[in-house]
Amino acid sequence: MAMTAEAAEVIETASPPLDERSKYLRRLVVRGLEGGGRGHVGSSLSLIEIMRVLYDDVLRHRPKDPQWRNRDRMILSKGHGCLALYVMLADKGFIPLETLDTFCHRDSILGGHPEAGKIPGVEASTGALGHGLSVGVGMALAARMQERDSRIFVCTGDGEINEGSIWEAAMCASKHKLDNLAVIVDYNKIQSAGPTREIQDLEPLVDKWEAFGFATTEVDGHDVAELRAVFRRLPFSPQRPSAIICHTVKGKGLPFAENDANWHHKAKVPPELVADMYAALR
Amino acid sequence: MRNTCLNMVYELAKRDPRVVFIGSDLSPGLLAGMKQDYPNRWFMEGVTEANVIGIAAGMAKEGYVPYVNTIATFITRRCYEQVAIDLCLHDLPVRLIGNGGGLVYAPLGPTHLAIEDMTIMRALPNMAVVAVCDAPEMTRFMEGSLDWPSPIYIRLAKGGDLVVSRPENGFTFGKAIRMRKARGRDPVVLMATGVMTTNCLAAADLLGREGYDASVVHFHTVKPLDEEAVLEHADNARLVVTVEEGVAIGGFGSAVTDLLVEEMGQSLPRIIRLALPDAFPHKYGVQNDLLEIYGLMPNQIAATVSNALSKEEMVA
């Protein structure tokens, strides 16, 4: 059964406190925001533990050989959360850490949405919502045809899955029994215009993914140990794609930004705000 | 032309393991041979055009060359953002085969009439646009289509199209073919794409009977446009006429005139663009009925040209 919004809130409050690595990664996000003077604040911060666990514990990758054939593929379909991806790519050595300071600069490789071909380790250019899952389905089919054991991870937003193309892709993944594919929903419950419950309610979300043929699990998207345990169980069911609904908090780690749609994106991040962010993440 | 195109996908699949076919919801038994011989590389994914384009992109990222097929309006309009982002931004070698380019689906009405496909496809960076004139030319094009590094939109005509292309002319991507050479020094030049080349050849014959000497240049590749051929044939032309089965806005004729205006300045020849107007067709019938409404049948093309020339002569 799907979790009620009330139950989801219980999970949120039960999240363990952020450890030093989670705070450090968030400070790197702030470094990017400071460099660019702008960015999707809340949308990046809800993703940190998901990206951290993927890159620390789950994905088979080679930062010095980003095109390594047998790697796992991770598509950040909610491309606007790219700072969370960029900090992991910097942390793992795909790109130098200093690159974060160039976020959105004219000649930077790091734009406000990630581009494949420019940034080592980025599998697909995303930003227009609803594209990543189909591309992931194509990659999963390709892995099967090439008899590679690469796994494909596609991370979507919650507002993003308003898009009909996501559900076209979901039907297709299920039809092809793609158990090498996992969709991860960053369910922070706030889209750009406001709460998902008001703008376009997704509930019952677990039932939806199950109905589309995905073996589906829910997890506290800020609980590192739980996330590790969930990813370790993949695929959840043979011959079925997997869905992981991650209950997260938009703006997680910045008390003044948490659960506030006004922090989805900031077109201006002035120095005093940067100082407040760093202070909150000490 | 459609059968030839799809049969060529099968032929290419036999020769090259990179070839994949993806359809949406097409005829039962389509490419049955390929399905039987290469079931892992034959996909029919239902009425999910956006998804189909994304899948093709994912496969192409992993080294495949997907040939995607559905009705032209749906492979262009319905999933335009996927085509733009997944294919063109990533610059991937995916081939989009659009059934029923132009007015082919006349009896089915405006939802199925691909009148602006060339316009919107050629507007996308990295996208090539091909509209061959008959089945043998389709074969020659498809033979070389595998290794083009970028996406290609392939506009199909009705099928059973009159064969006017000649093997000796070959097929070079992005190179126009002069199908008929005028003998005089300041000829009329008809520039066309797709099956309008066939109509132009017939129109040129009619004009010949009236004493007007016309060349016909066939642009099977609308983008990249063979600029050299446009400029060479426009030089000293008495009249340049572009003919296409698509809207005038941003189409083939627009590409030609953009170039001529920029390159020829004061020496610009007189130009007539024959194309579809800025309107959805309201009639049904068959393709030729609509072509007639829009003045694109051979006798109408010839009449437009001869009227223009006779007025010119009267002024002179």
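This is a predicted model: local features need pLDDT of at least 70, side-chain atom pairs count only at pLDDT 80 or more; totals for chains, interfaces and linings use all residues.
**Chain A, overall**

I began with the secondary structure of chain A, which comes to 11 helices and 7 strands. I then looked up the extent of the chain: along its principal axes the C-alpha trace spans about 50 × 45 × 30 Å. For 282 residues, a compact globule would have a radius of gyration near 19 Å, and the 17 Å found for chain A agrees with that. Buried residues account for 51% of the 282 residues in chain A. I also checked contacts in chain A between residues at least 6 apart in sequence, and 76% of these join residues at least 24 apart.

**Where A meets B**

I listed the residues in the contact and got 18 from chain A and 20 from chain B. On the chain A side, helix H6 (132-145) and helix H7 (164-175) each supply at least two residues. H6(A) gives the most to that side, with 9 residues. By type, the chain A side divides into 10 nonpolar, 7 polar and 1 charged.

**A sheet in chain B**

I traced an open sheet of 5 strands in chain B, in the order E7-E9-E8-E11-E12, with mixed pairing. Strand E7 (177-180) and strand E12 (270-276) of chain B stand at the edges; each has a single partner strand, so one side of each has no neighbour in the sheet. From one strand to the next the twist averages 25°.

Strand E8 (188-192) and strand E9 (214-218) of chain B run parallel and are joined by 5 bridges. In this pair Val189(B) stands opposite Ser215(B).

**Helix H10 of chain B**

Next I followed helix H10 (252-264) of chain B, which lies across E8, E11 and E12 of chain B and runs at about 145° to E11(B). I checked its length: at 1.5 Å a residue its 13 residues should span 18 Å, and the end C-alpha atoms are 18 Å apart, which agrees. The buried residues of H10(B) are Phe252(B), Gly253(B), Ser254(B), Ala255(B), Val256(B) and Leu260(B). Their cover includes helices H6 and H9 and strands E8, E10, E11 and E12 of chain B. Just after H10(B), Gly265(B) takes a positive phi of about 50°.

**Ile154(B)**

I looked up Ile154(B) in strand E6 (152-155) of chain B. Ile154(B) has 26 other C-beta atoms within 10 Å; the cut-off for buried is 20 or more, so Ile154(B) is buried. Leaving out residues up to four places away in sequence, Ile154(B) touches Cys5(B), Arg95(B), Leu96(B), Ile97(B), Gly98(B) and Val130(B). I also took a distance to Tyr212(B), which is 58 residues from Ile154(B) in sequence and 34 Å away, C-alpha to C-alpha.

I found a cis peptide bond between Leu234(A) and Pro235(A), with omega about -15°. Pro235(A) is in the loop between helix H10 (224-232) and strand E7 (242-247) of chain A. Gln239(A) lies in the loop between H10 and E7 of chain A, and has a positive phi of about 70° although it is not a glycine. Gln239(A) is exposed, with 12 other C-beta atoms within 10 Å.

In chain B a cis peptide bond joins Lys223(B) and Pro224(B), with omega about 0°. Pro224(B) lies in the loop between E10 and H9 of chain B. Leu31(B) is not a glycine either, yet has a positive phi of about 50°. I placed Leu31(B) in the loop between strand E1 (19-23) and helix H2 (32-37) of chain B. Leu31(B) is buried, with 22 other C-beta atoms within 10 Å.

Terms used:
Residues are numbered from 1 along each chain as its sequence is written. Chains are lettered from A and ligands numbered from 1 in the order in which they are written. Two strands pair if DSSP finds at least two bridges between them. Helices (H or I, at least four residues) and strands (E, at least two) are DSSP runs, numbered from the N terminus. Axes are lines fitted to C-alpha atoms, for helices over the stretch in contact, and angles run from 0 to 180 degrees between N-to-C directions. Two residues are in contact if their C-beta atoms, placed from the backbone, lie within 7 Å. The expected span of a helix is 1.5 Å times one less than its number of residues. The radius of gyration is taken over C-alpha atoms; the globule rule is 2.2 Å times the number of residues to the power 0.38. Ala, Val, Leu, Ile, Met, Phe, Trp, Tyr, Cys and Pro count as nonpolar, Asp, Glu, Lys and Arg as charged, and the others, Gly among them, as polar.
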